[in-house]
There are 4 protein chains.
Amino acid sequence: MSDNVADDVRGRAREAIRRSGLSQRQFAARLGIDPTKLSKSLTGTRRFTALELAGIADETGVTVNWLLNGRDDAETVSAAPRDSSAVRPPPASLADHPGAAREHNRKLQIIEAAWTLIAEHGYHSVRVAQVARACGTSSATVHYHFPTLEHLLVEALRHSVKQAFDRQVAGLHTVGDPYERLLRLIELQLPGSDRLRLEWSIWLQVWTAAALNPEMRELHAASYRRWHETIARTLREGKESGVFGDFDVEEMTRRLTALIDGLGIQVMTGMPGRSVDHMRDTLRSVIDRDVLGH
Amino acid sequence: MSDNVADDVRGRAREAIRRSGLSQRQFAARLGIDPTKLSKSLTGTRRFTALELAGIADETGVTVNWLLNGRDDAETVSAAPRDSSAVRPPPASLADHPGAAREHNRKLQIIEAAWTLIAEHGYHSVRVAQVARACGTSSATVHYHFPTLEHLLVEALRHSVKQAFDRQVAGLHTVGDPYERLLRLIELQLPGSDRLRLEWSIWLQVWTAAALNPEMRELHAASYRRWHETIARTLREGKESGVFGDFDVEEMTRRLTALIDGLGIQVMTGMPGRSVDHMRDTLRSVIDRDVLGH
Amino acid sequence: MSDNVADDVRGRAREAIRRSGLSQRQFAARLGIDPTKLSKSLTGTRRFTALELAGIADETGVTVNWLLNGRDDAETVSAAPRDSSAVRPPPASLADHPGAAREHNRKLQIIEAAWTLIAEHGYHSVRVAQVARACGTSSATVHYHFPTLEHLLVEALRHSVKQAFDRQVAGLHTVGDPYERLLRLIELQLPGSDRLRLEWSIWLQVWTAAALNPEMRELHAASYRRWHETIARTLREGKESGVFGDFDVEEMTRRLTALIDGLGIQVMTGMPGRSVDHMRDTLRSVIDRDVLGH
Amino acid sequence: MSDNVADDVRGRAREAIRRSGLSQRQFAARLGIDPTKLSKSLTGTRRFTALELAGIADETGVTVNWLLNGRDDAETVSAAPRDSSAVRPPPASLADHPGAAREHNRKLQIIEAAWTLIAEHGYHSVRVAQVARACGTSSATVHYHFPTLEHLLVEALRHSVKQAFDRQVAGLHTVGDPYERLLRLIELQLPGSDRLRLEWSIWLQVWTAAALNPEMRELHAASYRRWHETIARTLREGKESGVFGDFDVEEMTRRLTALIDGLGIQVMTGMPGRSVDHMRDTLRSVIDRDVLGH
DNA sequence: TATGAATGAGGATTCATTCAT
DNA sequence: AATGAATGAATCCTCATTCAT
């Protein structure tokens with residue numbers, strides 16, 4: 001990746017932070033990183049970590065894809081969103097008039113509180129008052145930003161999708177080798193951390209919702225397609241570059257994603273003998289045998 | 001299978017039907033089969049089909065395992081329930097005073113109505129009034145039989161487990177060859193029919209519930225263990241008899257169940273390119289390659 | 001009116017009271033009359049007053065028309081309802097199983113509380129909790145009987161119509177002379193008593209609602225037609241019998257009703273110089289001049 | 001009416017338009033008339049029509065009475081307002097610093113939006129946000145101009161009264177003959193046009209409000225008195241000049257206003273057989289018979 | 001002058017559950 | 001065994017109003 005590209009990333013990051021209306025110091029605090037590090041990264045002395053990229057995207061409402069490539073729809077390691085409905089409006093539109101950043105943040109805060117509550121207690125157990133309390137505000141305020149609880153919850157689900165995507169783009173864009181990338185991809189998806197367990201919780205719920213409600217299938221399909229494509233692209237690259245064996249990429253993708261989902265369920269439901277480590281081992285062994293062809 | 005065994009099955013079937021308080025004619029009608037066929041099966045001229053066995057178990061409140069083996073905890077093709085909480089009370093206890101059958105039936109009717117509603121609309125969307133309406137009765141009546149909505153719903157989930165198990169026992173007890181049995185097992189689990197799609201819907205919901213709520217893990221674990229054991233037993237038999245290749249049975253079971261679950265999700269959520277046929281093909285190909293060792 | 005007719009009225013009154021599930025003593029108490037008087041009227045020693053007839057109709061859910069004529073749709077002094085939607089179900093259907101009377105009464109109680117509140121505070125200011133409080137019950141109970149506040153309010157309006165009609169039939173059925181009947185009719189409609197002021201309040205509101213909302217026109221039209229017909233019938237009889245002068249009955253009806261309404265508004269809005277007495281005088285003078293032709 | 005008077009009208013019109021801060025061209029556009037016509041009327045070549053007078057009054061916040069007579073309280077064809085509360089502040093006060101006109105206009109715009117919404121949806125259904133939307137502004141802005149929704153609504157009602165009065169003064173000031181004026185008066189009040197139907201809708205609502213709420217009676221009485229006086233004055237003039245027959249003016253006024261109101265209700269509630277034409281015919285026939293004495 | 005954000009005070013409705021019959 | 005009536009306890013949503021900017 002050339003220096004020019006890195007330059008651009010810095011420029012866009014600076015731009016996004018500027019639009020947020022926060023100072024660098026404040027912004028660093030919000031990301032939970034050292035202000036010096038942020039400063040260095042913005043001037044070019046230091047690279048952004050994947051986590052920082054995802055954080056900047058999250059806080060400013062842009063995508064990591066845009067930070068890295070200047071476009072939301074760039075197809076790199078992962079599939080771009082097929083339609084705009086699945087992601088937030090393009091970055092240029094927000095801010096420019098004061099207050100927009102604040103507004104965006106309050107909205108984001110509510111969405112994230114809702115997201116966490118869904119993940120922890122389940123979609124149907126989330127109460128408006130709970131979300132409000134988690135944000136230190138009132139139910140009416142939640143309704144000021146979202147017409148309906150359902151709107152909020154769906155928005156929270158969308159947000160979840162965006163976040164997972166951002167995390168992948170941020171975490172994978174520097175990994176060139178397909179095999180490494182595949183392992184990294186899996187590592188990024190394993191329900192190991194609290195955060196990732198919450199994301200898996202959301203996934204399970206989206207599956208259930210999609211099975212019951214045709215309307216939810218759309219949301220599910222849009223996000224699942226990305227995940228599918230991220231895997232498929234890597235498999236294809238590995239196959240074409242000869243790193244991987246010969247196989248039907250689509251079919252292998254279906255098997256791998258199914259296996260990941262199925263193992264994830266076993267971990268999430270606390271089945272005896274199914275741990276994250278076991279999940280990792282199983283997937284590696286399957287990849288080594290069926291993908292690499294060893 | 002010797003005639004003696006068949007004799008016993010007939011005897012227990014006759015016994016169970018007698019306890020139901022219905023005439024053979026009525027009972028046949030309820031099963032949706034020809035009275036003549038039922039009569040022949042009960043006198044020995046004809047064998048019960050798997051469907052009929054499951055139906056008799058369902059209607060009379062006994063397990064297929066009991067019908068076939070005289071005991072609920074017989075370990076045959078599948079694992080027996082580890083504790084009594086996972087299944088209905090033993091068959092001997094019910095019905096001895098008149099009306100018990102009717103009561104049992106009303107209760108069963110409510111459970112099945114609840115079950116269907118859960119499967120169709122989702123656990124959290126089931127209302128007592130809805131269940132009552134589906135049964136042509138009142139909310140108060142539902143509460144007469146079940147102290148709490150939650151009790152009813154959990155009971156409905158248990159019922160689901162029992163049914164799946166019965167279906168497996170009934171469908172597999174005649175299949176001797178491990179490979180055939182494995183394929184049959186998968187066939188019995190594919191979300192092909194309406195009924196099975198409903199059962200899958202329930203599964204997805206139980207997974208979600210178990211991921212969110214530790215209490216639900218118990219129910220999930222109990223039923224999943226059976227399913228796991230049913231697969232494992234077959235794999236073990238095939239491995240020991242040399243029909244299958246050499247592999248770690250537990251690990252292979254984990255992989256297979258994970259794959260089945262993952263593929264099931266893809267079908268249930270209506271992912272493009274994931275059909276029941278694709279699911280069957282994928283599983284067969286994996287079995288042929290990894291289990292048979294071809 | 002022959003004794004036979006009076007016999008029948010007594011019979012039907014006895015029947016209606018019997019169905020209410022209350023004893024004669026209780027019923028008399030509810031009507032607010034002396035039990036002895038009720039008893040005498042039921043045995044034929046005494047005639048029912050108009051007020052009593054209306055009360056019996058109100059409490060038992062039948063119409064005065066039915067009490068007097070055995071049919072709801074009898075056309076006597078007033079027009080019968082054109083469609084069943086405007087009145088309560090036929091008398092035979094209710095009661096017969098115990099509790100029906102009680103239920104009917106609770107429902108009626110709620111309707112009347114709502115009616116009074118509408119009349120006093122206005123349709124849009126009536127709160128479910130208010131109605132509940134007025135009935136000494138809970139909001140949930142109100143909703144048990146009426147799905148929606150709006151349903152309740154519309155029902156209350158219908159009830160108002162029925163009551164006015166009952167009062168007219170009860171008050172006019174003995175008055176044979178058209179002129180006397182016309183004066184009586186007006187007297188029955190004058191906003192003199194508290195009760196009648198409340199009824200006028202409701203009328204004003206129905207007019208407003210009908211002007212704003214096409215759906216309300218139906219309700220208004222149904223009830224206004226009766227009122228119109230009650231006047232028209234009397235005018236027609238008077239004209240045909242030569243008591244009145246010669247005029248276009250329909251046109252005169254329109255003028256009279258319009259004048260009554262307009263004068264009623266002036267009284268109700270407390271215009272200086274517009275009292276009930278003035279209203280009576282004006283109407284009498286118009287009738288004497290334009291209807292009698294003096 | 002002498003030229004001097006006409007001169008004065010022109011002068012005051014010019015004055016009022018000047019204060020509005022708009023150019024003649026702009027003002028004409030706002031009135032929806034040809035700028036040439038406005039110009040001619042302002043220079044004396046042409047007379048203002050009644051519509052134009054009312055429009056000028058409306059747009060500039062003065063009364064037609066002031067335009068015609070230089071005083072708000074001139075008693076001409078109609079009664080003057082008894083207290084200042086019933087009309088806008090005197091014209092001299094407003095506009096002197098730039099922007100006052102604009103402010104006045106924004107306020108007027110809000111009032112008229114509120115007025116229309118009341119007329120169309122009913123007093124109790126008007127929401128601040130609705131008014132704001134209709135004005136292309138925000139709820140907060142509405143509250144900047146009016147402390148309370150109720151204040152705004154009451155203001156809108158006052159505005160309604162002023163408008164009706166203006167229209168009458170403008171429409172009647174040239175009609176000398178009492179009979180003609182009476183017919184004209186009725187014509188001006190018939191719910192024939194959209195605008196007039198809206199005004200009637202407001203009337204009905206004011207009646208209802210006045211019947212329910214003593215506070216509203218004041219507003220109602222003030223405006224009704226004018227209407228009463230407008231009729232009474234004309235009747236008196238006609239009686240004194242011998243054009244009309246002999247009658248009690250007050251009593252005849254009461255009857256006529258009551259009849260108009262009652263007929264208006266019948267039209268507004270969409271009663272079958274009650275049209276605007278029927279209303280006109282009925283009123284003419286009553287006037288011919290009872291007022292003219294034919 | 002204008003307004004985006006926020007919110008307190010309702011207010012209708014839902015629904016599991018109880019209980020007398 | 002069954003149920004009609006009743007209700008407490010949520011819970012979502014509305015909306016006028018405030019206030020900092």
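This is a predicted model: local features need pLDDT of at least 70, side-chain atom pairs count only at pLDDT 80 or more; totals for chains, interfaces and linings use all residues.
Across the interface of chain D and chain C there are two salt bridges, where a salt bridge is taken to be a side-chain nitrogen of Lys or Arg within 4 Å of a carboxyl oxygen of Asp or Glu. R289(C) is paired in a salt bridge with D290(D), and the closest N and O atoms of that pair are 3.0 Å apart. Residues are numbered from 1 along each chain as its sequence is written, chains are lettered from A and ligands numbered from 1 in the order in which they are written, and side-chain values use heavy atoms, with hydrogens and water left out.

Staying with this interface, 43 residues of chain D are in contact with 44 residues of chain C, contact meaning heavy atoms within 4.5 Å. The size of an interface is often given as the accessible area lost when the parts come together. For chain D and chain C the buried area is about 3300 Å², with 60% of it on carbon and sulfur atoms; buried area here is the accessible area, taken with a 1.4 Å probe, that two parts lose on being put together, summed over both.

Let me turn to chain A and chain B. There, 44 residues of chain A are in contact with 43 residues of chain B, and about 3300 Å² is buried between the two chains, of which carbon and sulfur atoms give 61%. The rule finds two salt bridges across this interface, and R289(A) and D290(B) meet through their side chains in a salt bridge, at 3.0 Å from N to O.

Of the 294 residues in chain A, 55% are buried, and by buried I mean under 20% relative accessible area, with exposed meaning over 50% and partly exposed in between (1.4 Å probe, protein chains only). If we take the contacts in chain A between residues at least 6 apart in sequence, 65% of them join residues at least 24 apart.

Now to one helix pair in chain B. Helix α9, residues 149-172, and helix α10, residues 178-189, of chain B pack at an angle of about 145°, with their axes 10 Å apart; the axes are lines fitted to C-alpha atoms, for helices over the stretch in contact, and angles run from 0 to 180 degrees between N-to-C directions. The contact is made on the α9(B) side by R167(B), Q168(B), G171(B) and L172(B), and on the α10(B) side by R181(B), R184(B), L185(B), L188(B) and Q189(B). Sorted by class, the residues of this contact are three nonpolar, three polar and three charged.

E187(B) is partly exposed, with a relative accessible area of 32%. In chain A, E187(A), D277(A), R280(A) and R284(A) are linked in a network of salt bridges.

In chain C, the side chains of K239(C) and D246(C) meet at 3.7 Å, N to O; K239(C) counts as partly exposed at 30% relative accessibility, while D246(C) is exposed, with a relative accessible area of 72%. In chain D, E251(D) and R254(D) form a salt bridge at 2.7 Å, N to O, and because they are three residues apart in helix α13 of chain D, they are separated by about one helical turn. E251(D) counts as buried at 15% relative accessibility, and R254(D) counts as buried at 15% as well.

Is T253(D) buried or exposed? T253(D), which is found in helix α13 (residues 249-268) of chain D, is buried, with a relative accessible area of 0%. Leaving out residues up to four places away in sequence, T253(D) touches H228(D), I231(D), A232(D) and L235(D).

To close with the count, the rule gives 53 salt bridges over all chains.

Methods: Helices (H or I, at least four residues) and strands (E, at least two) are DSSP runs, numbered from the N terminus. Ala, Val, Leu, Ile, Met, Phe, Trp, Tyr, Cys and Pro count as nonpolar, Asp, Glu, Lys and Arg as charged, and the others, Gly among them, as polar.
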